[in-house]
Amino acid sequence: WFFLALLPESSIIPIKDVIFEHRLYLPMVGYCMFLVSGAYYLFGKNSLIMMVIALSVIIGCNSILTYQRNKAWKDEFTLWDDAVRKSPHKARPYNNRGFAYVKQEKLTLAILDFNKAIALNPKFADAYNNRGLIYYDQGHLPQAMSDFYKDIELDPGYVKAYDNLGTVFNKEGDLTKALSNFSKAIGLDEHLTEAYINRGVIYGKLNNFTGALSDFNKALELDPGSAEAYANRGIIYAKQNDFTEAFPDFNKAIAINPKYAEAYNNRGSAYNKQHNFTQAILDYTKAIEMDPKYDEAYYNRGITYAILGNIAQALLDYNKAVKINPNYDEVYTSRGVIYAKQGKFSQAISDLSKAIEIKPQDAEVYDNLGLSYDKEGDLPQALFNYNKAIESNPHNADAYFNRGNTYGELNNFTQAIADYSNAIAINPDYAGAYNNQAIAYYRLKEYSDAWGDVHKIERLGGAVNPGFLNALSQATGGGQ
């Protein structure tokens, strides 16, 4: 009985796990029958009491051993910790204990275990994959990418490695490579729901809404209970201002997973687009309740408070967001703009400079930084930042307009007019540019051109300062 029961899994066919405790359950039934009947046959007829005592001792010993063994089976960590102690030269126990450490959020210990697993077995693809995921979560993208590439080198069919590699490229902003890797994962496993969701997110970032919706629909076809697929499909509908479809998707995602912080956050943003700021704040607050370290929810709530004029609460939320994520460039930008509006230009410059340090090619930040330096009276730094803004985005009309104003302060009216003209070329209805250009023409005594700009402002429905109009009229003898 014992050997026959073991035969299906203990024959000439190779198996991954040579020894596994549960394989003894059925064989032990026959063995226990043999043990008791054998003991009775040998001893029980002559001394039944002695046999009962002997079997009771065996039961007692085995009960103690079972109790001790159950300590190892207490949870996932204790099981693999026991395996590591008993098999210190095997890679798999280290890998699995490392995974248990990840669940306990002990990432340093997890990496040490994955390193040990790789040292013992340099071809252990799962260990590279698990270590790569930790590096990704810690923001060490090059190390994560290296580990995922190693996975693929060891196993070209390792679907999850392609999916994870796509996630890294997405984080780095290389959407083309991200798209390629997600597509590769889907090509290897057309039932990989997560890869469809990830590829759909990339399509959304590329404004390929048709492709995004197709992928999210496919994900839901494979897994109708995927809250993530509903939430991301809702984002695409919201981007298209199709709120009739967006809100049911967000609601469905939350119904499936009531603790889904991202779904609350994204639904809040949809409410924001509808100017339903009260409901937006409620959703952002709910997202923060679900995840107190959700920096984006704090930022979005801060923006909403700023729109409502609650600047004090907006600043509290911005402060919380950058405390959680010190590299959140959008928060520094928004907080810097508030400081500038409050006349706290030194603080504004500090925040906007930090934003530029994190994201060096943001034209809008350079433009705002130029304005703050201008207000501080540091005109050379203002010009430098306007130049950087225009260099980053040559179609930024505001940057030309603001640089023109600074040139005006320096009495360089010719250059000011050139900048106002550029702003008008980009935005032909830019009334402010016509207004300031008229003043620059007036200062250069080119009154005819100044009048031309005044008339343009009037045709746009704008109003010209009466004092300036009076001065221009006197300069031209009351003409025009």
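Residues are numbered from 1 along each chain as its sequence is written, and side-chain values use heavy atoms, with hydrogens and water left out. Because the model is predicted, local features need pLDDT of at least 70 and side-chain atom pairs count only at pLDDT 80 or more, while totals for chains, interfaces and linings use all residues.

The largest pocket has a volume of about 1,900 Å³. Of its 39 lining residues, Tyr136, Lys171, Glu262, Asp295 and Glu296 are the closest to its centre. A pocket here is an open set of points, on a 1 Å grid over the protein atoms alone, where a 1.4 Å probe fits, with protein on both sides within 12 Å along at least five of seven lines; lining residues have an atom within 4 Å of a point. Grid points are joined across faces, edges and corners, and the volume is the space filled by probe spheres set on the points.

Helices that each supply at least two residues of this lining are α7 (125-137), α9 (159-172), α11 (193-205), α13 (227-239), α15 (261-273), α17 (295-307) and α19 (329-341). The largest share comes from α13, with 6 residues. Helices are DSSP runs (H or I, at least four residues), numbered from the N terminus. By class, the lining of the largest pocket holds 14 nonpolar, 12 polar and 13 charged residues. In this count Ala, Val, Leu, Ile, Met, Phe, Trp, Tyr, Cys and Pro are nonpolar, Asp, Glu, Lys and Arg are charged, and the others, Gly among them, are polar.

The second largest pocket contains about 670 Å³ of space. Its lining has 17 residues, and Asp17, Ile19, Trp80, Ala83 and Arg92 lie nearest its centre. Two or more lining residues come from each of α4 (76-86) and α5 (91-103), and α4 gives the most, with 5 residues. The lining of the second largest pocket divides into 8 nonpolar, 1 polar and 8 charged residues.

## Salt bridges

The whole structure has 21 salt bridges, each defined as a side-chain nitrogen of Lys or Arg within 4 Å of a carboxyl oxygen of Asp or Glu.

| Pair | N to O distance |
|---|---|
| Glu76 and Lys103 | 3.1 Å |
| Glu153 and Lys150 | 3.4 Å |
| Arg199 and Asp215 | 2.7 Å |

The salt bridge between Glu76 and Lys103 runs from helix α4 to helix α5, so it ties together parts that are 27 residues apart in sequence. Glu76 is partly exposed, at 32% relative accessibility, whereas Lys103 is exposed, at 55%. Buried means under 20% relative accessible area, exposed over 50%, and partly exposed in between (1.4 Å probe, protein chains only).

Glu153 and Lys150 both belong to helix α8 (residues 141-154), where they are 3 residues apart and thus separated by about one helical turn. Glu153 is exposed, with a relative accessible area of 56%, and Lys150 is partly exposed, at 26%.

The salt bridge of Arg199 with Asp215 links helix α11 to helix α12 (residues 209-222), so the pair ties together parts that are 16 residues apart in sequence. Arg199 is buried, at 15% relative accessible area, and Asp215 is buried as well, at 3%.

Shared partners also join Arg69, Asp81, Asp82, Arg85, Lys86, Arg97 and Asp113 into one network of salt bridges.

## Nonpolar surface patch

Leu24, Met28, Tyr31, Phe34, Leu35, Val36 and Ile58 form a nonpolar patch on the surface, with about 580 Å² of accessible area together. Patches take residues with over 30% relative accessible area and no salt bridge; nonpolar side chains (Val, Leu, Ile, Met, Phe, Trp, Tyr) are joined within 5 Å, and like charges within 9 Å. Accessible areas come from the Shrake-Rupley method with a 1.4 Å probe, and for residues only the protein chains shown count as cover. Helix α2 (residues 25-44) gives the most to the patch, with 5 residues. Leu35 is located in helix α2 and is partly exposed, with a relative accessible area of 30%.

## Two loop residues with positive phi

Glu105 lies in the loop between α5 and α6 (107-120) and is exposed, at 70% relative accessible area. Its phi is near 65°, a positive value in a residue other than glycine.

His275 is exposed, with a relative accessible area of 59%.
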